[in-house]
Amino acid sequence: MLDATIRTGAALEIEALSVAYPSRGGWLQALDGVSLSIAAGSVRGLVGESGSGKSTVVLALLGLLGPAARVTAERLAFDGHDLFANASALRGRRIGVVFQDTAAALNPALTIGSQVIEPMRVHLGTEHRAAWQRGTDLLAEMGIPRPAQVMRSYPHQLSGGMKQRVGIAAALASEPDLLLLDEPTTALDVTIEAQILALLDELRSRRNLAMLLVSHNLGIVDRLCDTVSVLYAGRLVESGTTGEVLHRPRHPYTKGLLAALPRPDRPHAGRLAPIQGNLPDLTAPDPGCNFRPRCAFAVAGCYRPQLLSGDRHQVSCHRVDAVADLPWPAEPVPPTAAPVASAVPLVEARELSIRFDSGGWLQRLLGKVGGVLAVDRVSVTIRNGEVLGLVGESGCGKSTLGRLLLRLLPARGGTLRFASAVVGARPDAHFRQRAQVVFQNSDTSLNPRQTVGMILGRAVRWFAIASIDAEVSAEVDRLLDLVRLPRSYAQRYPHQLSGGEKQRVGIARALASRPKFLVCDEAVSALDVSVQAAVLNLLRDLRDELSVAYLFISHDIGVIAHIADRVAVMYQGTIVEEGAVGDVLQPPYHPYTELLLSSVPLIGKRRTVAASTQAARAVPMAGGCKFADRCTRRVGPICDSVPPPVQQAAPGHGIRCHIPLPELAAVPHWLSQ
Amino acid sequence: MGMAAFLLRRLLGLVGVLLGMSVLIFGIVHILPGNVAYAILGEFATPAAVAQLEAKLGLNDPLPVQYWRWLGAMLHGDFGMSIVMQRPAAPLIAEALGRSALLAVFAFGLVAMGGIGLGLYAATHRGRASDKVLTLAQFLLIAVPEFFWAILAVLVFASWLNLLPATGYAPLSEGVAKWASHLVLPVLVLAFGLVAHVSRLTRSSMIEVLDSRYVLAARARGLPERKVLWRHALPNALLPAITVLAIDAGLLIGGIVVVETVFAYPGLGRLLVYAIERHDLPLLQVGMMVVTAIYALANFVAELLYAVLNPRIRVAGATA
């Protein structure tokens with residue numbers, strides 16, 4: 001055993017790891033013969049969509065799968081130690097973990113300090129005072145400002161990015177050699193994500209750490225990893241160096257994943273190529289290729305069992321040579337496609353504002369009312385059949401603006417016009433019928449006790465599209481056709497649908513009233529890439545078929561670049577830049593747009609972003625530019641005191657900034673950095 | 001919002017609740033059938049005598065004036081007279097309250113310790129036979145009302161086994177054993193249902209916490225299970241239990257009325273029942289105010305405890 005370790009120089013070795021859980025339908029094979037290794041000081045990415053078994057690998061390495069799981073492996077070793085028998089002796093000590101969503105992974109009742117020093121106290125026996133000092137130093141190393149104060153704080157007092165830095169500090173406290181990162185940046189904004197990635201990159205070289213990065217995001221894997229393994233439904237399908245796997249993929253699934261990804265460096269690049277179908281049933285694993293039912297290249301022989309083959313760049317596919325030069329096929333364009341964006345304004349909002357007050361009745365009595373202007377005098381126009389993309393970090397007011405445009409929240413001021421008519425604070429049914437919304441989580445917005453047919457039929461009746469049963473069911477069929485779901489789905493309940501199918505039902509319900517305007521609030525954000533591509537294509541087709549206008553809210557610039565005609569960039573309640581997609585994605589840009597774009601992890605472009613810890617002020621300064629305190633290109637005191645003007649860079653392309661246009665234009669294109 | 005502002009807000013809330021309740025209690029008592037003057041003078045009093053007494057007691061004044069007079073007197077420490085017993089209400093209530101408090105404190109202690117203890121045991125032995133037996137027993141205890149347990153307890157321990165006295169109360173001066181023997185059955189019966197209630201809740205909140213991300217993270221950091229349970233899980237799991245204990249303090253007061261009646265125990269509950277039966281309205285009013293105040297205070301204490309255990313309330317503001 002030891003010989004093998006020395007020979008391969010591997011810190012972590014997994015051979016033929018299989019995990020099964022008991023479920024109602026029998027044993028659920030979550031992992032099926034997974035093998036991978038990580039050399040000391042190197043980073044391996046483990047990618048796959050939800051349900052692929054990525055997180056199960058992490059929990060298996062830690063020995064935290066729970067007593068019900070059935071785990072087998074030919075070898076599960078870390079630095080020569082058997083993890084099968086001794087996981088509890090190594091976890092937390094030589095193997096550190098950072099979980100997704102540190103907001104939930106930090107104990108709300110304990111101080112940051114006590115959680116950071118715990119591993120030192122338990123594993124290294126450091127006495128309290130020394131451990132506290134060491135913890136403070138560690139927070140400083142993670143780039144946390146005022147570490148001594150943060151040590152005494154509680155998790156709820158920290159921002160998301162700071163919590164993730166604390167999570168990393170706690171994982172590093174016992175000086176581990178291997179760091180397991182389970183979706184470490186998934187809940188974070190791109191700008192924060194870029195900082196965390198830079199920090200991890202720095203730590204890995206400074207401390208010679210081996211890392212396993214588990215993620216669904218191919219961009220960040222490309223940014224950080226030396227080698228990549230691709231997991232599909234519990235089995236590895238491809239493994240190799242990052243360059244090989246992500247830039248010259250050989251397995252059809254990897255090809256499909258990359259083709260399905262909307263890329264901000266290729267705006268409007270035609271239709272995305274989704275992977276049809278759903279994950280296979282894991283309670284009855286297919287002995288042959290389990291990607292076969294969804295594979296565009298599958299042939300009769302693919303039912304045969306197979307293994308990863310190849311020397312360094314390993315692929316598990318019978319047809320690997322036959323499909324070597326074939327790209328994943330794009331979805332055919334429907335025949336009715338005809339762009340319809342017209343010059344007639346449909347939604348016209350002028351100076352809409354809303355303020356969220358904080359504090360209870362006592363504070364109000366004492367006149368100490370705090371609050372934020374969530375939306376600050378925003379004016380937008382959306383034309384018939386046009387898609388306006390709205391991007392910005394979480395908390396910038398995107399969703400709130402969407403709700404204001406639907407009059408779902410009471411605006412503090414400003415006017416809203418819809419098809420030239422003024423929409424009052426309490427709009428009539430006619431407005432509700434023509435302006436609808438699709439939410440992120442169809443999971444929670446579909447009534448679990450009603451069938452799809454009942455859900456859609458209710459909306460049809462409510463808006464008096466039809467009232468006789470036969471007409472209603474005909475209308476339900478029409479809606480299911482529109483969102484490309486089989487008509488038989490009318491009999492199904494929401495829990496019988498996959499995530500993508502639920503989202504299609506959500507869209508169908510929004511379309512039931514035959515609206516002219518849809519607010520899509522992170523409508524594809526919770527979906528896996530392969531499914532997201534199909535829903536994005538669908539939304540685009542619907543726009544063309546029905547000439548519906550969208551306000552498309554997303555934090556994902558790739559998605560916005562793909563679907564939108566025009567983009568508005570929002571920062572702390574203000575639109576700082578707005579224009580056609582092509583204009584916004586190239587200089588001149590607003591410094592904030594520039595920051596956002598440069599933070600996006602792109603496949604094939606390893607860009608370095610400084611691990612700056614600059615975060616937004618909770619309450620922006622009154623008067624000046626809201627971005628002033630984060631801006632690296634400040635003009636001077638004017639930025640703090642005078643609201644910046646909107647400068648017209650091109651027709652319909654406005655930038656709200658004090659920096660003169662020629663200077664804004666004189667920056668390199670974000671893709672050329 | 002700092003701890004001081006929190007405290008101030010809750011204190012103001014407490015005063016508001018008590019004032020509101022005093023209006024309600026005063027109003028309800030005045031809607032009840034019966035007349036204080038008749039109650040004092042007897043059913044066959046002459047109308048002239050009644051009118052005279054009514055005038056003397058100020059019962060002809062408008063209700064707000066009467067209310068104000070009553071509230072003002074209470075705030076000055078004057079709790080009025082029991083018109084039936086012809087004694088000041090304050091010492092009557094104080095004496096009964098003391099005995100009831102004895103029941104309540106023992107019962108509440110049993111509920112808090114037994115309920116939380118059993119809940120934690122069940123949560124850490126989830127799905128095993130002991131957990132299932134506990135669950136069954138708890139549902140039985142919750143479903144069957146306390147007067148049933150009270151009667152059963154009297155039958156078994158007093159009539160059949162002859163171990164404990166069936167009714168009454170003995171002062172401490174008659175010996176500890178005798179004093180305690182009168183307390184055992186009422187306390188047990190009082191605590192029965194509530195122990196089940198609290199342990200159910202503690203079990204589910206502990207299970208939720210044990211399944212949380214931060215407990216997983218604590219285990220992933222390699223902490224010994226003992227530390228994970230006591231340091232990471234328990235404080236968070238206790239938060240909902242504390243809220244429920246405060247609500248249970250209210251149920252306890254209701255339970256005391258029943259238990260004191262069954263066991264003929266001379267406490268506040270029995271005094272209130274007596275006041276209702278005999279139309280002793282001034283005594284009833286004051287007694288109800290005292291009960292209300294105790295309940296409101298219990299909730300106040302629970303909120304404070306909750307805040308102390310929950311840093312999201314105790315510590316405010318962002319540092320980074």
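In what follows, Ala, Val, Leu, Ile, Met, Phe, Trp, Tyr, Cys and Pro count as nonpolar, Asp, Glu, Lys and Arg as charged, and the others, Gly among them, as polar. This is a predicted model, in which local features need pLDDT of at least 70 and side-chain atom pairs count only at pLDDT 80 or more, while totals for chains, interfaces and linings use all residues. Residues are numbered from 1 along each chain as its sequence is written, chains are lettered from A and ligands numbered from 1 in the order in which they are written, and side-chain values use heavy atoms, with hydrogens and water left out.

**The largest cavity**

- A search of the whole structure finds nine cavities of 30 Å³ or more, where a cavity is a set of points, on a 1 Å grid over the protein atoms alone, at which a 1.4 Å probe fits but cannot get out.
- The largest cavity holds about 110 Å³ of space, a volume being the space filled by probe spheres set on the points, which are joined across faces, edges and corners.
- Its lining (residues with an atom within 4 Å of a point) includes Val97(A), Phe99(A) and Thr102(A) from chain A, and Ala217(B), Ala220(B) and Arg221(B) from chain B.
- By class, the lining residues of the largest cavity divide into eight nonpolar, two polar and one charged.
- At least two lining residues each come from strand S7 (95-98), helix H4 (102-105) and helix H8 (160-172) of chain A, and from helix H9 (213-220) of chain B; helices (H or I, at least four residues) and strands (E, at least two) are DSSP runs, numbered from the N terminus.

**Two packed helices in chain B**

- Helix H5 (residues 89-124) of chain B packs with helix H11 (residues 268-277) of chain B at an angle of about 135°, and their axes are 7 Å apart.
- H5(B) is therefore oblique to H11(B), since angles under 35 degrees count as roughly parallel, over 145 as roughly antiparallel, 65 to 115 as roughly perpendicular and the rest as oblique.
- The contact (heavy atoms within 4.5 Å) involves Leu92(B), Ile93(B), Ala96(B), Leu97(B) and Ser100(B) of H5(B), together with Leu268(B), Gly269(B) and Leu271(B) of H11(B).

**Annotated regions**

- In an unreviewed entry, UniProt places "domain: ABC transporter" at residues 12-258 and 354-597 of chain A, and residues 12-258 of chain A are 42% helix and 28% strand.
- UniProt, again in an unreviewed entry, gives "domain: ABC transmembrane type-1" for residues 97-302 of chain B, a span that is 83% helix and 0% strand.

Definitions and conventions:
On a 1 Å grid over the protein atoms alone, a cavity is a set of points where a 1.4 Å probe fits but cannot get out, and a pocket is an open set with protein on both sides within 12 Å along at least five of seven lines; lining residues have an atom within 4 Å of a point. Axes are lines fitted to C-alpha atoms, for helices over the stretch in contact, and angles run from 0 to 180 degrees between N-to-C directions. UniProt positions are given in the numbering used here, feature names are shortened, and annotations may be inferred rather than shown by experiment.
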